[in-house]
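Q: Hi! Could you walk me through this one while I look at it?

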Amino acid sequence: MTQISEQALQTAVREYRDPYLGKDLYELGAVKSLNADDSGKVTLMVELPYPSKGIAGALKEIVTNALEFVDGVESADVHVGQKIHSYKVQKDLPSVPGVKNIIAVASGKGGVGKSTTAVNLALALQAEGARVGILDADIYGPSIGMMLGVPEGKRPDTRENKYFVPMEAHGLQANSMAFVVTDKTPMVWRGPMVSGAVMQLLQQTLWNELDYLIIDMPPGTGDIQLTLAQKVPVTGAVIVTTPQDIALLDGKKGIEMFRKVDIPVLGVVENMSVHICSNCGHEEPLFGHGGGARIAEEYGTTLLGQLPLHMTIREQTDGGTPSVVAEPDSEVARRYRDIARRVGAELSTREHNLSGSISSVSVTEH
């Protein structure tokens, strides 16, 4: 049998370049082992550094085909998994037990679809193979419970009369002030009370081995948001905006706020980027065009994705079954999952938190 060249095998593996990080598998440190036996069978073990279930099949196919063209190779067996680390937070704040990374989803103003984006981002990260939770920090207008289909009046279990057990909804671990008060309770609280309540929910919830905890931040950039940004150990922030000029101005304020407290902005999601007619499918940019890309470029961050203004997104979310789980094969769900991979990939470039939780490993494709 022809001797298989190790260099030729490595060259074949390098043909695949990660679509989100722009590097080959060796540059990413993703190749864990590459072996060839006497029968000409090659076995490759790959671990990508971010939630990537949706691209694992394509990676496997591309690399398998490249390896099988190498002289002497009879077959190739490629295993693709992922390994999610804990990354550094601002000012080295102590991490939250059971949580590797916290991602804040924020907007400079209300009405831009921040909560809808937060819920679908959480579900998309989960669909990509991560363990995910979501915390509704929007004390004045908590809506995550309704969006996840949690029955009205359902309350979380408690432990030792001190800790909340997170609700389970569509596979997510969730907690919200809406779970501990009724929707008739007016939240007439000053800033310190609000931030104190959010910190209590965050720290006294028994989060179970989460790769990512998504925090749906209150809209705006006032004292409450700044206090939370200073106290919550956040590994990265996502800014949600629309193409409207006024929303873009407020989005810039959100970016500036996170920069002041040394929280990296992972990117911008442009919501309602184009209206799609439910009757004829005609697309029209009702709120302008390209605004998200402009502020991403201006602040040196990433345009994570653009989402349409479509009736089904609102209907599915209001009905308690957000788009990612309601229609997992739809174009909208595909966009959310692409955003989730971009968020995870961008976060993977940050410095590791060596004092954080042990990294999780999962195999996504055999």
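**A first look**

A: Happy to! This is a predicted model, and 52% of the 366 residues in the protein are buried.

Q: How many helices and strands does the protein have?
A: There are eleven helices and 16 strands.

Q: And what share of the contacts with a separation of 6 or more comes from residues 24 or more positions apart?
A: Those residues account for 77% of such contacts.

Q: What about the accessible surface of the protein?
A: The accessible surface is about 16400 Å², and carbon and sulfur atoms hold 49% of that area.

Q: OK, let's go to the strands. How do S1 and S2 run, and how many bridges join them?
A: Strand S1 (residues 31-36) and S2 run antiparallel, joined by five bridges.

Q: Which residue takes a positive phi in the hairpin of S1 and S2?
A: That's Gly 40, with a phi near 90°; the hairpin has four residues between the strands.

Q: Where do the side chains of S2 point?
A: They alternate along residues 41-48.

Q: How does S2 run relative to S3?
A: S2 and strand S3 (residues 75-84) run parallel, with eight bridges between them. Met 45 turns up again here, with His 79 as its bridge partner in S3. The chain gets from S2 to S3 through helix H2 (residues 53-68), in a right-handed β-α-β crossover.

Q: Nice. Now the sheet of eight strands: what order are they in?
A: The order is S8-S9-S5-S10-S4-S11-S12-S15, in an open sheet with mixed pairing. At the edges sit strand S8 (167-169) and strand S15 (303-306), each pairing on one side only. On average, neighbouring strands of this sheet are turned by 25° against each other, direction ignored.

Q: In what sense do S5 and S10 pair?
A: Strand S5 (residues 132-136) pairs with strand S10 (residues 210-216) in the parallel sense, over five bridges. Within that pair, Val 132 has Tyr 212 in S10 as its bridge partner.

Q: Which strands does helix H3 lie across?
A: H3 (residues 114-127) lies across S4, S5, S9, S10, S11 and S12, and runs at about 170° to S10. As for helix H11 (residues 331-347), that one lies across S4, S10, S11, S12 and S15, at about 175° to S15.

Q: Staying with H11, is Arg 341 buried or exposed?
A: Arg 341 is in helix H11, and its relative accessible area is 9%, so it counts as buried. Beyond its sequence neighbours up to four places away, Arg 341 touches Tyr 20, Tyr 50, Pro 51, Ser 52, Gly 54, Ile 55 and Glu 128.

Q: Changing topic: which residues does the UniProt annotation "binding site" cover?
A: The unreviewed UniProt entry gives Gly 108, Lys 109, Gly 110, Gly 111, Val 112, Gly 113, Lys 114 and Ser 115.

Q: Where does Gly 113 lie?
A: Gly 113 is in the loop between S4 and H3. Its relative accessible area is 19%, and because the cut-off for buried is under 20%, Gly 113 is buried. Leaving out neighbours within four places in sequence, Gly 113 contacts Val 240, Asn 271 and Met 272.

Q: And Lys 114, buried or exposed?
A: Lys 114 is in helix H3 and is buried, at 7% relative accessibility. Not counting residues up to four places away in sequence, Lys 114 touches several residues, including Asp 138, Asp 216 and Val 240.

Definitions and conventions:
Residues are numbered from 1 along each chain as its sequence is written. This is a predicted model: local features need pLDDT of at least 70, side-chain atom pairs count only at pLDDT 80 or more; totals for chains, interfaces and linings use all residues. Side-chain values use heavy atoms; hydrogens and water are left out. Helices (H or I, at least four residues) and strands (E, at least two) are DSSP runs, numbered from the N terminus. Buried means under 20% relative accessible area, exposed over 50%, partly exposed in between (1.4 Å probe, protein chains only). Contact means heavy atoms within 4.5 Å. Accessible areas come from the Shrake-Rupley method with a 1.4 Å probe; for residues, only the protein chains shown count as cover. Two strands pair if DSSP finds at least two bridges between them. A crossover is right-handed if, with the strands pointing away from the viewer, the path from the first strand over the helix to the second runs clockwise. Axes are lines fitted to C-alpha atoms, for helices over the stretch in contact, and angles run from 0 to 180 degrees between N-to-C directions. UniProt positions are given in the numbering used here, feature names are shortened, and annotations may be inferred rather than shown by experiment.
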